[in-house]
Amino acid sequence: SMVEYLGDSVFEKTDAVVKKTVNFSELPDFQRELAATLTDLDELRRALHSLGWAGKKAHDLSGQYRSRMRGMSDNHEITRLRKQYEARVESILDKVANDIKIIKGAEKALKKMPSLRKMKTVLIAGYPNVGKSSLLNALSDSKVDVQPYPFTTKSILVGYMRDGYRRFQLVDTPGVLDRAPKNQIERQAFAALKHLSDRVLFVFDPSETCGYSMRDQEALLERVKREFGSDVLVVYNKADLQAHDGLCVAASDP
């Protein structure tokens, strides 16, 4: 009974972990690409395969040991076999200990994926510290952490706005610095830009207090247009901090 319980328990728990993990091939393009920015999906698949093997192996061995024990009358031999089985299960689980760590780490990372709805979506884009999160706060019911010092959003933030009977999903993306981003945060922004938005609000900081010149911001706007298309609405922020007259009209498509 103890061998049967241990075999069933290990199999059920490992099988539950494998089955509850999302089938990434069935996710929408955006969520699949976003998941890939948060964890190594190939490594996760390998870890899940190893965990599934461990559960099945423990279960199969349980049947083998119970067959050997069945009909035995020597309690010492039964105890020896039970302990031998327990040791083999412990060895199997030791082999997948690193895989378990990988799965736990991936689970923690994937919890950061935003909960997005199928509805009209507006993406808020622009360089870091131009005021995208403040704009999200002003337009939606979202309460984003906005600091009085340069502060870059570390993940995609979502809020909602109502206009009469219509509702819009607003998505604040991390600051985009590179056309072919390599770091996790900027890859999230481009995944959203590529798959998610019906419209883009591109935020300029004419005061340049964000740390980026208007020339740099205009160059980024052109990259965003090439990625998304022409349906980009330009928004000028921090008008009260404008460095000098006429600067805000330097951007294209005002």
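Me: What makes the link between the side chains of Thr121 and Gln169 a polar contact?

Reply: The two side chains are joined at 2.9 Å. A polar contact is a pair of N or O atoms within 3.5 Å; within protein, one must be able to donate a hydrogen and the other to accept it, and residues adjacent in sequence count only if both atoms are side-chain atoms. The 2.9 Å between Thr121 and Gln169 is within that 3.5 Å limit, so the name applies. Do keep in mind that this is a predicted model, where local features need pLDDT of at least 70, side-chain atom pairs count only at pLDDT 80 or more, and totals for chains, interfaces and linings use all residues. Residues are numbered from 1 along each chain as its sequence is written, and side-chain values use heavy atoms, with hydrogens and water left out.

Me: Where does Thr121 sit, and is Thr121 buried or exposed?

Reply: Thr121 belongs to strand β1, residues 121-125; strands (E, at least two residues) and helices (H or I, at least four) are DSSP runs, numbered from the N terminus. Its relative accessible area is 2%. Buried means under 20%, exposed over 50%, and partly exposed in between, with a 1.4 Å probe and protein chains only. At 2%, Thr121 is therefore buried.

Me: How do you know whether Ile124 is buried or exposed, and what does Ile124 touch?

Reply: Ile124, also in β1, has a relative accessible area of 0%, so Ile124 counts as buried. Contact means heavy atoms within 4.5 Å. Not counting residues up to four places away in sequence, Ile124 touches Lys132, Leu135, Leu136, Val171, Asp172, Thr173, Leu201 and Val203. Its C-alpha atom is also 9.6 Å from that of Leu233, 109 residues apart along the chain.

Me: How do you know which class Arg82 falls into, buried or exposed?

Reply: Arg82 has a relative accessible area of 19%, which means that Arg82 is buried. The residue is in helix α4 and, leaving aside neighbours within four places in sequence, is in contact with Met2, Val3 and Met69.

Me: And what class do Gln84, Glu208 and Lys13 get?

Reply: Gln84 has a relative accessible area of 29% and is therefore partly exposed. It lies in α4 and touches Tyr65 and Arg68, again without residues up to four places away in sequence. Glu208, at 32% relative accessibility, counts as partly exposed too; it is found in the loop between β4 (199-204) and α8 (214-228), with a phi near 65°, a positive value in a residue other than glycine. Lys13 reaches 59%, so Lys13 is exposed. Lys13 is part of helix α1, residues 2-20.

Me: Why do α3 and α4 get the description they do, given that their axes cross at roughly 170°?

Reply: Axes are lines fitted to C-alpha atoms, for helices over the stretch in contact, and angles run from 0 to 180 degrees between N-to-C directions. Helix α3 (residues 41-69) and helix α4 (residues 75-95) have axes that come within 10 Å and cross at roughly 170°. Angles under 35 degrees count as roughly parallel, over 145 as roughly antiparallel, 65 to 115 as roughly perpendicular, and the rest as oblique. The pair is therefore roughly antiparallel. Residues making the contact include Trp53, Leu61 and Tyr65 of α3 and Leu81, Tyr85 and Ile92 of α4.

Me: What makes a set of residues a nonpolar core, and which residues have the most contacts in the largest one?

Reply: A nonpolar core is a set of buried Ala, Val, Leu, Ile, Met, Phe, Trp, Tyr and Cys residues joined through side-chain atoms within 4.5 Å. The largest has 25 residues, and those with the most contacts inside it are Phe24, Leu44, Tyr65, Tyr85, Ile103 and Leu110. Two or more residues each come from α1, α2 (29-38), α3, α4 and α5 (97-110), and α3 gives the most, with 10. A second, separate core of 24 residues includes Ala125, Leu135, Val171 and Met214.

Me: How many helices and strands does the chain have?

Reply: There are eight helices and five strands, following the pattern α-α-α-α-α-β-α-β-β-α-β-α-β along the sequence. Of the 254 residues, 41% count as buried.
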